[in-house]
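Hello,

Here is the structure for you to look over. My notes on what turned up follow below it.

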Amino acid sequence: MKNSFVELNARERVHALLDAKSGRELIDPFDQMIAPNLVAQDIVPQCDDGIVVCRGTISGENVVVIAMEGKFQGGGIGEVSGAKIIAALTHVLEENQKGNPISPIIILDTGGVRLQEANYGLLSIAEIGNLIVAIKSYVPVIGLVPGRVGSFGGMSITSALMSYLIATKKARIGLNGPEVIEQEAGVREFDSSDKDLIWNTIGAKQRLEAQMIDELVTDSVESIQEAVIAAMVEKKDSHRSENSGFYLSLLNELDLSKPLTIEAYNKALATHKATEVAPITVTEGQEAAADSIGYHWFSALTNLQFPTSTSATVYAAASDLFTEEVVVTAIVPNANNPMYRVRNGEVGLVEGYEMGHLLETVYHEDKEKAIKRPIVAVIDVPSQAYGYNEELIGIHAALANSAAAYAKLRQAGHPVIGFIAGNAISGAFLAHGLQSSRLIALNSEKITVQAMSKESASRVTKRSIAAIEAAAEKVPSIAYDIKNYTKLGAIFTFLSSITDQSVTSESKATVIEAINEAIDDVRKTNDTMLTSRYTNPIAKKSGRLETNNVFEKMNAEWNE
């Protein structure tokens with residue numbers, strides 16, 4: 001097609017948007033910033049690691065355009081590629097804070113986390129999302145999903161955080177790829193060979209109907225340029241990641257115990273008028289409402305006996321066990337959940353929106369207070385929900401509401417402490433945990449921290465489980481255990497003496513002490529962002545070495 005934007009590669013897409021001769025690429029292929037984690041696995045790297053970053057102008061306005069190359073590793077985000085985006089957006093935020101407006105335009109062509117680097121991808125996506133939330137208070141963050149790969153995995157959550165999202169009819173957007181849903185939930189839940197099902201559920205035309213994208217344009221450079229310029233000039237913002245009340249009241253009207261038809265959902269969405277959502281309250285009950293690691297630790301850290309929530313799965317309560325009054329949050333299983341894909345502690349539509357809603361309430365309650373209450377997130381989440389209804393409605397936007405609310409609280413001065421007591425996996429971890437100011441973890445062999453199950457990772461990467469496990473010996477970021485995760489520098493306090501996940505008086509006291517120390521550290525450093533993840537001694541020495549190298553190079557080139 002003449003003047004097709006979709007048919008261009010990442011670098012061509014960037015320069016097609018920019019004013020003629022205005023583009024200056026930052027950390028270009030000649031800088032040779034390749035991904036050593038790929039080399040260690042005998043995977044051929046690329047000199048720009050699949051990310052193109054350019055400063056320039058669009059219609060005379062200062063911009064940074066960032067594009068993912070879908071032909072390299074499916075546009076997946078690893079350490080180097082993620083760091084290029086993080087470093088560029090950090091400079092964008094700093095320029096805007098100085099009063100120098102510069103708008104980020106992000107072209108998404110990505111499967112999400114690069115599974116060959118796994119936890120580096122999750123960390124990077126959380127840090128990208130954090131910066132987007134911060135930048136949006138100055139200028140719109142414009143997203144483009146042209147098509148080819150689309151926008152999947154954690155980067156679909158990123159797309160929902162953006163101010164305004166533009167796509168062509170060749171684009172697809174979804175948290176879980178069709179093959180992953182089939183692997184995790186079975187072919188009866190989602191048949192990955194049914195192309196009509198895929199496009200009718202997550203294709204751009206339906207995503208427009210479902211209000212998951214804001215504008216559908218024809219596949220031409222001119223049309224996309226016009227849409228981007230209009231979004232910048234008019235400062236368009238759909239507030240998709242701040243819409244929990246609307247969606248909670250909508251979900252309350254739907255029968256989610258069975259698959260919805262596309263027509264029925266579209267009609268319900270189009271006619272829905274938001275109603276007030278009751279706040280979540282947690283009281284003491286007569287018996288345990290759940291039996292999970294997260295539930296028992298929530299009980300311990302709030303001193304509530306047999307806590308019972310008005311929500312099926314989301315818990316939040318004040319606690320006076322710490323040096324300051326804190327709000328403790330958790331997501332727990334419910335075997336009787338009408339959402340049949342969310343019965344084992346997964347984070348689904350309701351969980352994402354309910355967590356976002358309750359955290360927004362905390363934000364408004366503390367908005368005028370000089371000292372904001374800390375949030376302690378008890379992390380025990382086996383995964384996001386894998387299901388047809390979830391993808392149709394847009395689970396990625398639900399998880400974005402939760403992630404954005406945690407980031408907003410932290411940026412407003414609330415210390416957010418994540419306590420990894422159980423599993424911390426994939427989109428669930430992005431929504432509930434990875435926006436924490438500090439992370440604390442137990443030393444249990446039963447804890448898994450990862451981007452995807454081994455079975456699904458094997459199917460997507462076309463590597464055997466044995467090959468994945470062997471590669472983890474060389475690359476800690478693709479390992480599944482908590483000890484290897486500590487090597488990345490993301491854990492503030494590793495409670496090496498606590499090898500059992502169950503609550504005892506001794507382990508409770510140790511965890512409370514660690515949380516108090518983490519809160520105190522956030523207060524002393526006045527840390528409202530996530531930079532400590534890659535600037536602490538472990539991260540600088542080895543855990544995020546390439547991230548720091550990328551930052552050094554970006555700092556040197558930014559104002560050249």
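The rule finds one salt bridge across the interface of domain 1 and domain 2. Its partners are R533 and E127, whose side chains meet at 3.8 Å, N to O. Keep in mind that this is a predicted model.

Polar contacts come next. Between domain 1 and domain 2 the count is three residue pairs, with both residues at pLDDT 80 or more.

Which elements build the domain 1 side? Those that give two or more residues to the side touching domain 2 are α3 (79-97), α4 (119-135) and α5 (154-161). Of these, α4 gives the most, with 12 residues. By class, this side of domain 1 has 13 nonpolar residues, six polar ones and one charged.

Now the bounds. Domain 1 takes in 5-171 + 213-234. Domain 2 takes in 281-448 + 480-535. The C-alpha centres of the two domains lie 29 Å apart.

How many residues are in contact? On the domain 1 side there are 20, and they touch 21 residues of domain 2. The area buried between the domains is about 1600 Å². Carbon and sulfur atoms give 75% of that area.

To recap the interface: one salt bridge, three residue pairs in polar contact, and a domain 1 side to which α4 gives the most residues.

Best wishes

Key
Residues are numbered from 1 along each chain as its sequence is written. This is a predicted model: local features need pLDDT of at least 70, side-chain atom pairs count only at pLDDT 80 or more; totals for chains, interfaces and linings use all residues. Side-chain values use heavy atoms; hydrogens and water are left out. Domain bounds come from an automatic or database domain assignment. Contact means heavy atoms within 4.5 Å. Buried area is the accessible area (1.4 Å probe) that two parts lose on being put together, summed over both. A salt bridge is a side-chain nitrogen of Lys or Arg within 4 Å of a carboxyl oxygen of Asp or Glu. A polar contact is a pair of N or O atoms within 3.5 Å; within protein, one must be able to donate a hydrogen and the other to accept it, and residues adjacent in sequence count only if both atoms are side-chain atoms. Helices (H or I, at least four residues) and strands (E, at least two) are DSSP runs, numbered from the N terminus. Ala, Val, Leu, Ile, Met, Phe, Trp, Tyr, Cys and Pro count as nonpolar, Asp, Glu, Lys and Arg as charged, and the others, Gly among them, as polar.
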